[in-house]
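Work through the exercises below with the model open. Each task is followed by a stepwise solution.

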Amino acid sequence: MVTVHHLNNSRSQRVLWLLEEMGVPYEVQRYERDPKTMLAPPALLAVHPPGKSPVITDEGITVAESGAILEYLLERYGKGNLIPPPGSAEFTAADVQMSFPLEAAQSRAGLDASRPNLMGFLSRIHVCPAYQRALVNGGPYAFVQPD
Ligand SMILES: N[C@@H](CCC(=O)N[C@@H](CS)C(=O)NCC(=O)O)C(=O)O
């Protein structure tokens, strides 16, 4: 069983979303940021020394770094889905990977209606049922702004 070591308000949200899109069962181990420093708690260091989220554990394997985690999950459980040939226009794991930087940009770096394509992308992903389920499973996530 995949366990996602999930820090609140972090990029591990996209790992939950990918797992929901893939229909892979998983458990969420939640960690809370220190409210003053915003750092992850020491318990996350016990999972993987840098103490960063996301980290997953699966059948004795520990994988860190979002991109490596997405590749691991796609290779192990993806059955070829979400990795279409380069140049394909449909939904892919790259869209999942891109969600966090765009959400962070909207929350903190002024991404706004002056970039209608990016804002449209965010609006479309935020209504996906799998995205919504991931939000419920991850708990509070401050990077989704109301439309
Ligand atoms: N390149 C890493 C970055 C990991 C990272 O910086 N995670 C942040 C959350 S978005 C974190 O764990 N921050 C808490 C801390 O540094 O203690 C990845 O994409 O997985």
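The bend at a residue is the angle between two fitted axes, one for the seven residues ending there and one for the seven starting there. The model is predicted.

**Exercise 1. Locate the kink in α4 and state which proline it precedes.**

Step 1. Take α4, residues 93–108. The helix has 16 residues.
Step 2. Look just ahead in the chain.
Step 3. Check the span. From first to last C-alpha, α4 reaches 24 Å, close to the 22 Å expected at 1.5 Å a residue.

**Exercise 2. Find the buried residues of α4 and the helices they pack against.**

Step 1. Use the cut-off: a residue is buried if 20 or more other C-beta atoms lie within 10 Å of its own.
Step 2. In α4, Ala93, Val96, Ser99 and Glu103 are buried.
Step 3. Consider the spacing. An α-helix has 3.6 residues a turn, so residues three or four places apart point the same way.
Step 4. Identify the partners. The buried residues of α4 pack against α1 (13–22), α3 and α5 (116–126).
Step 5. Read on past the helix. Gly110 follows α4 and has a positive phi, near 85°.

**Exercise 3. Describe how β3 and β4 pair.**

Step 1. Determine the sense. The two strands, β3 and β4, are antiparallel, with 4 bridges.
Step 2. Pick a facing pair. Thr57 stands opposite Thr62 in β4.
Step 3. Inspect the turn. The hairpin has 2 residues between the strands, and Glu59 takes a positive phi near 50°.

**Exercise 4. Characterise the ligand shell.**

Step 1. List members. Among them are Arg11, Lys52, Ser53, Pro54 and Glu65.
Step 2. Sort by type. The shell has 4 nonpolar, 4 polar and 3 charged residues.
Step 3. Examine the backbone. Ser53 and Pro54 are joined by a cis peptide bond, omega about 10°. Pro54 lies in the loop between α2 (42–45) and β3 (55–58).

Key: Residues numbered from 1 in each chain as written. Predicted model: local features only at pLDDT ≥ 70, side-chain atom pairs only at ≥ 80, totals over all residues. Near = placed C-beta within 6 Å. Nonpolar A, V, L, I, M, F, W, Y, C, P; charged D, E, K, R; others polar. Expected span 1.5 Å × (residues − 1). Buried ≥ 20, exposed ≤ 12 C-beta atoms within 10 Å, placed from the backbone. Contact = placed C-beta atoms within 7 Å. Pairing = 2+ DSSP bridges.
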